[in-house]
Amino acid sequence: MFEIDGTALVITVLKVGNRERGPPINALPIRPIAKTADSVTPSRADFEILAELESDAQDLADADAVKTRLATGETDTFPFVVAERLLDGEHPVTVSREHRAFTVRGLAEAAGVSPSYLSEIEPGKKPGSFDAMAHLAAALRVPLALLVRA
């Protein structure tokens, strides 16, 4: 909320993202260097504070959106060890398969590919067709982009 109080612009954060805030603990007084009926010009320091507050508010809104997607099952999280294995260069199909506790045969069956084909994809002997990778991604409940190696 923005209010002009005498010669200062007072900014009070009442709501950030989906979080309702109670009465403001403190307010940020901004002393404009110029103002007209249509505009208020803050100092560079005040502008940077405002920009940081806006960025923080967007970060909180983004975090709330992720929490909502997690609560509705629209997205999933992975343990840090999964990320480490991917960063270490292990094949994403193998890492995802083991994370989801699939055997090679079980994943192949769930994805509708042959176990021998999957056994060639995981060590990188074959890249996997688009259709095969899309079916693997669906069976593993991961985005296709996660399984495609650059």
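The buried residues of helix α3 are Pro92, Val93, Thr94, Val95, Ser96 and Arg97, and since this is a predicted model, please take everything I say about them as a description of computed coordinates. With 6 of its 8 residues buried, α3 is largely enclosed by the rest of the structure, and the elements against which those buried residues pack are α2, spanning 80-87, α4, α5, spanning 115-121, α6, and α7, spanning 144-147.

With the same exclusion of residues up to four places away, His99 touches Thr77, Phe78, Pro79 and Val82, while its C-alpha atom is separated by 9.5 Å from that of Val81, a residue 18 places away along the chain. Following α3 comes Ala101, whose phi is positive, near 60°.

Now to the charged side chains, where the structure holds 5 salt bridges. Arg85 meets Glu90 in one of them, at 2.8 Å from N to O, and Glu90 is partly exposed at 33% relative accessibility. Arg85 also forms a salt bridge with Glu98, with the closest N and O atoms 2.6 Å apart; because Glu98 lies in helix α3 and Arg85 in helix α2, this pair ties together parts that are 13 residues apart in sequence. Glu98 itself is partly exposed, its relative accessible area being 38%.

Another salt bridge joins Glu120 to Lys126, whose closest N and O atoms are 3.4 Å apart, and here Glu120 is partly exposed at 28% relative accessibility, as is Lys126 at 36%. Through shared partners, salt bridges join Arg85, Glu90, Arg97, Glu98 and Glu122 into one network.

Finally, how do helices α4 and α6 pack? Helix α4, residues 104-111, and helix α6, residues 130-140, meet at an angle of about 110°, with their axes 8 Å apart, and they are therefore roughly perpendicular to each other. On the α4 side the contact is made by Leu107, Ala110 and Ala111, and on the α6 side by His135, Leu136, Ala139 and Leu140, a set that divides into 6 nonpolar residues, 1 polar and no charged.

Conventions
Residues numbered from 1 in each chain as written. Predicted model: local features only at pLDDT ≥ 70, side-chain atom pairs only at ≥ 80, totals over all residues. Heavy atoms only, no water. Contact = heavy atoms within 4.5 Å. Axes fitted to C-alpha atoms, helices over the stretch in contact; angles between N-to-C directions. Helix = DSSP H or I, 4+ residues; strand = E, 2+ residues; numbered from the N terminus. Parallel < 35°, antiparallel > 145°, perpendicular 65-115°, else oblique. Nonpolar A, V, L, I, M, F, W, Y, C, P; charged D, E, K, R; others polar. Buried < 20%, exposed > 50% of the residue type's maximum accessible area, 1.4 Å probe, protein only. Salt bridge = Lys/Arg side-chain N within 4 Å of Asp/Glu carboxyl O.
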